[in-house]
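Here is a walk through one protein chain. Keep the sequence and the 3D view open as you read.

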Amino acid sequence: MRVTSCYVRRGPRCLEGMTENSNTVKVVVIGGGYAGTVAANRLRQRADIDITLINPRPHLVERIRLHQYVAGTSEAVVDYGSLLGDGVRLVIDSVDRIDTAARTVALASGGELGYDYLIYAVGSTATIPASVPGAVEFAYPIGEWEHAQRLRAALDELPHDAPITVVGAGPTGIETAAELAEQGRVVTLVCGAQLAPTFLEPARRSVAKWLTKRGVAVLENAHVGEVWPERVVLTDGTVLPGPVAIWTAGFGVPGLAADSGLRTDDAGRLLTDETLTSIDDDRVIAAGDCAAPSGQPLRMSCQAAGPLGAQAADTVLARLSGARPATIDIGFVGTGISLGRRAATVQFTRRDDTARNFYLGGRLGASIKEAVCKGTVSGISKEARKPGSFPMVKGLGDRPAQPVSAPAKVPNL
């Protein structure tokens with residue numbers, strides 16, 4: 001694997017996506033998360049593709065382990081040297097803008113990269129609502145590596161018995177609260193509405209039982225009204241003292257696509273057809289959390305990101321071979337929530353991601369959850385060693401079809 005700071009592409013393009021007087025197709029992948037790394041590795045099935053992966057960090061961030069990193073029970077980054085196959089060029093940088101007319105991307109450090117095809121895999125990020133006074137200024141998000149580093153530093157300075165408030169009762173909030181509670185921290189979990197809302201009642205009870213046994217105060221149907229340096233104030237006036245409020249309620253998408261003149265959904269995901277091709281430009285393919293196929297995105301998760309990365313690469317490969325790209329056929333298996341290091345609750349689902357009346361908990365659940373976390377990274381490594389081997393669960397079911405037609409170009413603003 002070669003690491004470089006910039007690769008500049010010049011010159012005209014021919015109709016088949018290759019540079020004039022060249023047999024090489026240039027594919028740029030923006031984003032080195034679960035989706036982007038799978039896509040970059042999978043493209044290596046053809047020797048005539050020049051693959052560039054752009055990522056702001058020199059390592060993959062395991063978002064599903066950030067709560068462990070915060071608590072000091074695990075690392076949460078993996079060096080790309082073990083994840084990217086030979087021939088994938090890594091550019092450690094960020095993209096400020098996509099120029100679809102010129103087929104270039106502008107790098108934050110200066111300079112441009114040209115492409116014949118672009119895989120847009122920028123992922124998602126934590127969001128904090130500006131409508132909650134003090135939340136943006138004083139709450140600690142946990143959705144990105146830099147967020148987790150800042151939070152871990154704050155916790156390291158905090159007395160062990162100081163109260164901590166965790167906002168949000170989805171998987172990230174529950175896992176963060178559980179990890180800290182297992183270490184003897186004093187934790188209050190502000191749910192907003194229901195604890196683990198995507199779980200059925202039996203699985204939800206198992207989560208609640210574990211949290212209660214470890215002393216976590218679980219506040220269902222409670223909402224945050226204000227966040228200040230030494231307290232959180234709920235909308236009913238209840239004051240929760242403590243210098244650290246961890247915000248896990250909600251994810252957003254970087255604005256690069258919209259800022260570049262490409263159409264997105266209300267959350268900022270790139271609008272695509274069912275082959276993950278942008279409805280505005282057939283040289284732009286989306287993958288992972290930032291994709292909204294037919295305006296009906298899959299759940300933001302590593303479970304969907306890897307397969308979507310594989311699908312995006314397959315779409316490019318199909319186009320280059322003159323075949324019609326396949327449409328999405330990705331299924332779900334379940335959702336696992338770790339409860340410290342020795343327990344977890346796994347809610348199994350149908351392929352369409354609706355919950356089944358079946359769950360596993362305790363140590364067995366923990367072993368399943370850990371196997372999934374390890375398998376997420378090992379699947380990327382396997383794809384690097386053997387392109388085209390990434391495991392895919394199929395059978396999502398009927399999806400709303402958005403007609404595939406010649407896309408209209410969107411002016412670059």
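In which order do the strands of the open sheet that contains β17 run, and with what pairing? The order is β16-β17-β18, and the pairing is antiparallel. This is a predicted model, in which local features need pLDDT of at least 70, side-chain atom pairs count only at pLDDT 80 or more, and totals for chains, interfaces and linings use all residues. Residues are numbered from 1 along each chain as its sequence is written, and side-chain values use heavy atoms, with hydrogens and water left out.

Some terms come first. Strands (E, at least two residues) and helices (H or I, at least four) are DSSP runs, numbered from the N terminus. Two strands pair if DSSP finds at least two bridges between them. Strands of a sheet pair through backbone hydrogen bonds, either parallel or antiparallel.

Back to the sheet of β16, β17 and β18. Its edge strands are β16 (224-228) and β18 (239-241), and each pairs on one side only. Neighbouring strands are turned by 15° against each other on average, direction ignored. Angles here run from 0 to 180 degrees between N-to-C directions, and axes are lines fitted to C-alpha atoms, for helices over the stretch in contact. Four bridges link β16 to β17 (residues 231-234) in the antiparallel sense. E226 stands opposite V233 in β17.

Now look at G225, which sits in β16. Leaving aside neighbours within four places in sequence, G225 is in contact (heavy atoms within 4.5 Å) with V132, P133, V233, L234 and T235. K382 is 157 residues from G225 along the chain, and their C-alpha atoms are separated by 46 Å.

Another open sheet has three strands in the order β24-β25-β26, again with antiparallel pairing. β24 (334-339) and β26 (355-360) are its edge strands, each pairing on one side only. The twist averages 20° from one strand to the next. β25 (residues 343-349) and β26 run antiparallel, joined by three bridges. V346 has L360 in β26 as its bridge partner. Helix α9 (residues 362-385) lies across β24, β25 and β26, running at about 70° to β25.

Next, a helix pair. α1 (residues 34-42) packs with α8 (residues 302-321) at an angle of about 35°, and their axes are 7 Å apart. From α1, the contact uses Y34, A35, V38, A39 and R42. From α8 come C302, A305, G306, G309, A310, A313, D314 and L317. These residues divide into nine nonpolar, two polar and two charged. Here Ala, Val, Leu, Ile, Met, Phe, Trp, Tyr, Cys and Pro count as nonpolar, Asp, Glu, Lys and Arg as charged, and the others, Gly among them, as polar.

A cavity is a set of points, on a 1 Å grid over the protein atoms alone, where a 1.4 Å probe fits but cannot get out; lining residues have an atom within 4 Å of a point. Grid points are joined across faces, edges and corners, and a volume is the space filled by probe spheres set on the points. The count is one cavity of 30 Å³ or more. The largest cavity holds about 40 Å³. Its lining includes G288, D289, R299 and A305. Helix α8 supplies the largest share of that lining, three residues. The lining divides into seven nonpolar, two polar and two charged residues.

How values were computed
1 Å grid on protein atoms, 1.4 Å probe; cavity = no way out; pocket = protein on both sides within 12 Å on 5 of 7 lines; lining within 4 Å.
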